[in-house]
Structure formats: C-alpha cells, structure tokens
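Subject: Structure handover, pockets

Hello,

I am passing on the structure we spoke about.

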Amino acid sequence: MQIYGDEQSGNCLKVQYTADHLGLPYTWHPVDIMKNESRTAAFLRVNPHGQVPVIKLDDGRTLAQSNAIIRYLARDTQLLPTDAFEQAKVDEWLFWEQYSHEPCVAVCRFQMRYEHKPKGDREQWRVERGERALDTLEQHLNGNQWLAADAFSVADIALLAYTRLAHEGGFEMVTRPGVQRWIRACETELGLTGVQEK
Ligand SMILES: N[C@@H](CCC(=O)N[C@@H](CS)C(=O)NCC(=O)O)C(=O)O
C-alpha cells in the first residue's frame, strides 16, 4: 500500500497511526501541503480533490478521506467492532469528528501554527464550537475509558489526532483531565511519546 500524506496534518496522522498499530506494510509518500504539493498534476491523478491523506492499494485503487481510510484499514481487526450497533457507535464519533471537531479544533491550530495568527485572531465561531467539542469529549471520557464499544478503536484514533494537538490551536487542555487521561491511554496503545500540553 502507498500512503500519501503530510505528517503535520492530523488527518494524515490518523492513517499513519492506524497502519502502524496494525503492522500494515506501506510506503509513505510525503506531500507538503504548504508547498502546494497536493495540487501538482501528478498528485491530482492520485486524488482529483487535491487533498491528503489518500492511499493507493497494490491493485491501483485509491481511497481518500481519513476516516474512510482508517475504517477500511481496520476492517476485521480489533480496531473496529463486529457488532453492527457498536460499529455504528464508532461511526457516530467518526462523523461527529468531521463536522463538529476537525473544522474547529484543527482549523484553529492551522490558523495559529501555519498562518501565525495570534490566539485572539482565531475565528470566534470556530473557537466556540471547538471548546464545545472538547467539552463533549470531556463529558464522555469522565465516565468511559474509550469513545466507543468499551475498547480502543478507530473512533479513538480519529479523535486523538487533533485533540492531542489542540493546545497548538489555543485550547486549554489542563482543565480537561478526562481528555488528558484518554490521550495518554491512546498514546500508550499507539506507542507514541507525549506532545500534549503539560
Ligand atoms: N475530510 C478530509 C479532509 C482532508 C484535508 O482537508 N486535507 C488537508 C490536510 S489536513 C489538505 O490536503 N489540504 C491541502 C489542500 O486542500 O490543498 C479528510 O478527513 O481526509
């Protein structure tokens, strides 16, 4: 399998985390989105949408959208429950991540880290929705070890990617002990070293 990704992007890291955790062999093709490498003619032949991550299977088929990719990689493994309802609970988090978490937490991080905006110049509606998303996670993780199905799953990997980096987007994590415990637990599962706010 070929993985096209930018290691600065949480969406791409989800794919790297999942493939590494499952021990899947792959070749990583770095695509620097800040240098517009996702918009070259060669890359657009792999993903006409001009975005990473995207994977190319050995038979030449391609798959984009981080959560579609990790869900596909996780099929028939412990990262995706087999029970239909529990699988749907994983999907509930994956869809929520893309609509309520990623557009706010990840974009605030992008604005601060890559556009060098001061914290106060983040878009207010994204800040408010990002805070709410992190509060939702905190509420759930106060009473639950993992996000879905009482087990570490692709739901945790999908939410970990940008939550782990939320402090780079100006979000306070010290007030969210449940999320911090869960981040550490996910990092242990994935063999990652901590980068979260101390
Ligand atoms: N919903 C998509 C979002 C993909 C996306 O926005 N990728 C960004 C990096 S995080 C990208 O490729 N940006 C470059 C561009 O749009 O030119 C996913 O989850 O994979």
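Helix α4 gives the most to the lining of the largest pocket, namely six residues. This is a predicted model. Along with α4, which spans 84–113, the helix α1 (10–22) supplies at least two residues of that lining.

The space in the largest pocket comes to about 640 Å³. A total of 26 residues line the pocket, and those closest to its centre are Asn 11, Ile 33, Gln 51, Val 52 and Glu 102. Sorted by class, the lining of the largest pocket holds 12 polar, 10 nonpolar and four charged residues.

Next is the second largest pocket, with about 160 Å³ of space. Which residues line the second largest pocket? They are Gln 65, Asn 67, Ala 68, Arg 71, Asp 91, Leu 94, Phe 95 and Gln 98. Two elements, α3 (66–73) and α4, each give two or more residues to this lining. Here too α4 has the largest share, with four residues. The classes in the lining of the second largest pocket are three nonpolar, three polar and two charged residues.

Regards

Note on methods:
Residues are numbered from 1 along each chain as its sequence is written. This is a predicted model: local features need pLDDT of at least 70, side-chain atom pairs count only at pLDDT 80 or more; totals for chains, interfaces and linings use all residues. Side-chain values use heavy atoms; hydrogens and water are left out. On a 1 Å grid over the protein atoms alone, a cavity is a set of points where a 1.4 Å probe fits but cannot get out, and a pocket is an open set with protein on both sides within 12 Å along at least five of seven lines; lining residues have an atom within 4 Å of a point. Grid points are joined across faces, edges and corners, and a volume is the space filled by probe spheres set on the points. Ala, Val, Leu, Ile, Met, Phe, Trp, Tyr, Cys and Pro count as nonpolar, Asp, Glu, Lys and Arg as charged, and the others, Gly among them, as polar.
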